[in-house]
Structure formats: structure tokens, C-alpha cells
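Me: I would like to learn how to read a protein structure step by step. Could you take me through one?

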Amino acid sequence: RLKDYQRVVGKLLRVKVHEPNGGKGSCVGRLTTVSEEGVLLAVERAKGSFQEIALSWNQIAGAKQEIDF
């Protein structure tokens, strides 16, 4: 699992979470960091404004790569 995420660092992902974060069951962001504890996603909040979201492995239900235009 860790190696799968390490392969896509820098890519855009849709991550499904077990417990909704801010009322949402998934979030879309650019994968910036992968560690033994989990991942960091850079999520765009407003045009050109990004927020890093930390997700532990226990929070992640699954993920898939999004098409980046």
C-alpha cells in the first residue's frame, strides 16, 4: 500500500475516507508526501489557494488517480 502511494507522489488523487472530513466522504488533491503514518494532500480551497490535509492510513478507505488537465 505504501509503495502504491509513493509511485503517485505529485499526482492528483481522489481519496475516499472512512469518516467524512468536513462533511465530505472524499477529497481531491495533489499527493505531496507519503509516510509510515499516512499521506499529505494539497487541496485547492480557492483559485490558487491550497491547504495541506493530513490523512492517516486508518482514515483512508481507498484512492484513485484523477485526470489532470
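This is a predicted model: local features need pLDDT of at least 70, side-chain atom pairs count only at pLDDT 80 or more; totals for chains, interfaces and linings use all residues.

The dialogue below goes from the overall fold to single residues.

Me: How much of the contact in the chain is between residues 24 or more positions apart?

Reply: Here one looks at contacts with a separation of 6 or more, and in this chain 40% of those are between residues 24 or more positions apart.

Me: What percentage of the residues count as buried, and which residues have the most contacts inside the largest nonpolar core?

Reply: A residue counts as buried when its relative accessible area is under 20%, and 28% of the 69 residues pass that test. The largest nonpolar core holds 15 residues, and those with the most contacts inside it are Tyr-5, Leu-31, Val-39, Leu-41, Leu-55 and Ile-60. Strands β1 (12-21), β2 (24-34), β3 (38-46) and β4 (49-56) are the elements that each give two or more residues to this core.

Me: Which residues does Ile-60 contact, leaving aside its neighbours within four places in sequence?

Reply: With those neighbours left aside, Ile-60 is in contact with Arg-1, Tyr-5, Val-15, Lys-16, His-18, Val-39 and Leu-55.

Me: Is Phe-50 buried or exposed?

Reply: The cut-off for exposed is over 50%, and Phe-50, at 54% relative accessibility, therefore counts as exposed. Phe-50 lies in strand β4, and it touches Ala-42, Val-43 and Glu-44 when residues up to four places away in sequence are not counted. Phe-50 and Tyr-5 are 45 residues apart in sequence, and their C-alpha atoms are 20 Å apart in space.

Me: Where does Glu-37 lie, and how far is it from Ser-56 in space?

Reply: Glu-37 lies in the loop between β2 and β3, and at 61% relative accessibility it counts as exposed. Although Glu-37 and Ser-56 are 19 residues apart in sequence, they are 5.7 Å apart in space, C-alpha to C-alpha. Beyond its neighbours within four places in sequence, Glu-37 is in contact with Leu-55, Ser-56 and Trp-57.

Conventions
Residues are numbered from 1 along each chain as its sequence is written. Side-chain values use heavy atoms; hydrogens and water are left out. Buried means under 20% relative accessible area, exposed over 50%, partly exposed in between (1.4 Å probe, protein chains only). Contact means heavy atoms within 4.5 Å. A nonpolar core is a set of buried Ala, Val, Leu, Ile, Met, Phe, Trp, Tyr and Cys residues joined through side-chain atoms within 4.5 Å. Helices (H or I, at least four residues) and strands (E, at least two) are DSSP runs, numbered from the N terminus.
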